[in-house]
Amino acid sequence: MASAIRGQEPSAVAAPVAPDPSAPLAVSAHGLTKRFGERRALDGVDLAVPAGAFVSIFGPNGAGKTTLLRQLALLARPTAGTLAILGIDALEEPDALRPRIGLISHRSMLYGDLSAEENLVFFSSLYRGAPDRARIDELLRLVELDHRRHDPVRTYSRGMQQRLSIARALVNDPDLVLLDEPYSGLDPHAAELFDDLIARARAERAHRTFIMVSHDLDKGFALCSHVLILARGQVILMAEKAGLDRDAFRELYLATVGMGVA
């Protein structure tokens, strides 16, 4: 684990793109709280993510990482607090935001009995009313599935499904891309291809913002422009990577792993 923190970042990972400091915030949260009974999965989270940033979220199991990502993906509402995404009140106008957000998870969220093309047509139609055929064709080429576009997704390997899930998340040309453990279960070749696809997505639009939950300290640190450490539903650290001492960051991260669940 220490190699990428102490040494060079993996060559297969694109160099982080620094966000424009004059750009508006992609995410602004204040006092964000999510309760499940008596337990607070999120406990007063304050967050300011500039447009164009790549934020990697680290923390122990039960820290609230996936809960936070679900709030940002508009899959769940907070118990308390405020949340603005892309300058829009996410609690008051979620429907205005959904077409501008893409989610890539360790689960593909695809329909297995539909083909790759049919899946992308369906998701494109959800956001645009009519499918963007040109973008669908482009994405199928980029994820190297054009030759399998008519085959049912249930016949795909894990890596192929994950590549298609990237295309699904990008078919609406989102401004905010959320990633929940996207490398989980990928073999080395599939992970390298995933790196390339994420790099293309970052280069495609200057102010596109990425927020990724990861247990892989090496990969997450290599990709990001900002780091966020959560423990017990609270922010332990939110900072630009460029201003961090790597050894001190690693020690702080390892210390949070023992903090467990609230």
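**Contacts, cores and rings**

Q: Which residues does I104 touch, not counting residues up to four places away in sequence?
A: I104 touches Q162, S165, I166, R168, A169, V177, L178, L179, D180, P182, F194 and I198, with residues up to four places away left out. Contact means heavy atoms within 4.5 Å.

Q: Before we go on, what sort of model is this?
A: It is a predicted model, in which local features need pLDDT of at least 70 and side-chain atom pairs count only at pLDDT 80 or more, while totals for chains, interfaces and linings use all residues. Residues are numbered from 1 along each chain as its sequence is written, and side-chain values use heavy atoms, with hydrogens and water left out.

Q: Ok. How many residues does the largest nonpolar core have?
A: The largest nonpolar core has 45 residues. Those with the most contacts inside it are F54, I104, L164, L179, F194 and F249. A nonpolar core here is a set of buried Ala, Val, Leu, Ile, Met, Phe, Trp, Tyr and Cys residues joined through side-chain atoms within 4.5 Å. Buried means under 20% relative accessible area, exposed over 50%, and partly exposed in between (1.4 Å probe, protein chains only).

Q: Which helix gives the most to this core?
A: Helix 7 (residues 188-204), with 7 residues. Helices (H or I, at least four residues) and strands (E, at least two) are DSSP runs, numbered from the N terminus. Apart from this core lies another, of 32 residues, among them L47, V49, A53 and A73.

Q: Back to I198. Where is it, and is it buried or exposed?
A: I198 is in helix 7, and it counts as buried because its relative accessibility is 2%. Leaving aside neighbours within four places in sequence, I198 is in contact with F54, I104, L179 and F210.

Q: Switching to rings. How many aromatic pairs are there in the whole structure?
A: A search of the whole structure finds 8. Rings of Phe, Tyr and Trp (its six-membered ring) pair if their centres lie within 6.5 Å; planes under 30 degrees apart count as stacked, over 60 as edge-to-face and the rest as tilted. One of the pairs is F58 and Y253, edge-to-face at 5.7 Å centre to centre with 75° between the planes.

Q: What lies over the face of F123?
A: R168, at 5.8 Å from the ring centre. A charge sits over a ring if NZ of Lys or CZ of Arg is within 6 Å of the ring centre and within 35 degrees of the ring normal.

Q: Now helix 5. Which residues are buried there?
A: In helix 5 (residues 133-142), R135, I136, L139 and L140 are buried. Seen down the helix axis, they fall within an arc of 135°, so they line one face of helix 5. The arc is that of the directions from the helix axis to the C-beta atoms. On the other side of helix 5, A134 and R141 are exposed.

Q: And what covers the buried residues of helix 5?
A: The cover includes helix 4 (116-128), helix 6 (158-170) and helix 7. Helix 5 is followed by E144, whose phi is positive, near 60°.

Q: Where is L74, with its positive phi?
A: L74 is in the loop between helix 2 (65-72) and strand 4 (80-85). Its phi is near 65°, and L74 is buried, with a relative accessible area of 11%.

Q: Last one: what does the secondary structure come to?
A: The protein has 9 helices and 10 strands. Buried residues make up 51% of its 262 residues.
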